[in-house]
Amino acid sequence: MKFTKMHGIGNDYIYFNCFEETIKNPGELSIKLSDRHFGVGGDGIVLILPSNRADFRMRMFNADGSEGKMCGNASRCVGKYLYEKGLTKKRSIKLETLSGIKILDLNVVDEKVVSVKVNMGKPILVAKKIPVISDKEEVIDRELIINKEKYNITCISMGNP
């Protein structure tokens with residue numbers, strides 16, 4: 001089984017090219033491989049797959065085995081992987097996720113991807129949709145006390161609660 005480990009701003013995932021690999025139980029595999037003491041270690045696994053709706057499809061599994069809808073950092077790494085492994089020469093890639101189709105814009109210098117921008121869509125600020133428990137419709141710059149320390153918090157979702 002071949003894989004690639006990459007990180008984007010601290011999120012580190014294990015990536016599988018599912019044009020070449022078949023992953024039968026990705027949730028279970030993610031639990032095993034993500035263990036930082038007995039596995040490869042990481043935040044989870046990402047499967048790079050064909051899509052009927054976009055150029056490619058991404059499935060992401062967290063370290064606990066649950067499937068996530070989307071991860072911006074992981075999707076940017078998928079863009080780099082796709083280009084540098086020769087799966088595409090497009091510099092604008094449509095990527096299918098459980099949060100919809102995301103557009104990856106690749107910045108390429110000397111055939112190396114130096115950065116990837118992903119349009120994550122509009123932020124969700126409605127407390128019930130994030131989800132966060134609040135007596136307010138939105139939690140923006142609200143005071144929260146934890147262990148006698150005061151913090152001002154804003155709760156937001158970008159598609160993966």
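**View A. Pairing of strand 9 with strand 10 in the predicted model.** Strand 9 (residues 142-146) and strand 10 (residues 149-153) run antiparallel and are joined by 5 bridges. Arg 142 has Ile 153 of strand 10 opposite. The two strands make a hairpin with 2 residues between them. In the turn, Asn 147 has a positive phi of about 50°.

**View B. A nonpolar patch on the surface, formed by Leu 144, Ile 146 and Tyr 151.** Together these residues have about 260 Å² of accessible area. Leu 144 lies in strand 9. Leu 144 counts as partly exposed because its relative accessibility is 35%, which falls between the limits of 20% for buried and 50% for exposed.

**View C. The largest nonpolar core, with 25 residues.** The members that touch the most others are Tyr 15, Val 46, Met 58, Val 78 and Leu 106. At least two residues of this core come from each of strand 2 (11-17), strand 3 (44-49), strand 4 (56-62), helix 2 (72-84), strand 6 (92-97), strand 7 (100-109) and strand 8 (112-118). Helix 2 gives the largest share, 6 residues.

**View D. Contacts of Val 78.** Leaving aside residues up to four places away in sequence, Val 78 touches Tyr 15, Val 46, Ile 48, Met 58 and Leu 95. Val 78, Tyr 15, Val 46 and Met 58 are among the core residues that touch the most other members.

**View E. Another core, apart from the largest one.** This core has 10 residues, including Ile 14, Cys 18, Leu 49 and Phe 61.

Methods:
Residues numbered from 1 in each chain as written. Predicted model: local features only at pLDDT ≥ 70, side-chain atom pairs only at ≥ 80, totals over all residues. Heavy atoms only, no water. Pairing = 2+ DSSP bridges. Helix = DSSP H or I, 4+ residues; strand = E, 2+ residues; numbered from the N terminus. Core = buried A, V, L, I, M, F, W, Y, C linked by side-chain atoms within 4.5 Å. Buried < 20%, exposed > 50% of the residue type's maximum accessible area, 1.4 Å probe, protein only. Contact = heavy atoms within 4.5 Å. Patch = residues over 30% accessible without salt bridge, like charges linked within 9 Å, V, L, I, M, F, W, Y side chains within 5 Å. Areas by Shrake-Rupley, 256 points an atom, 1.4 Å probe, with all protein chains shown as cover. Salt bridge = Lys/Arg side-chain N within 4 Å of Asp/Glu carboxyl O.
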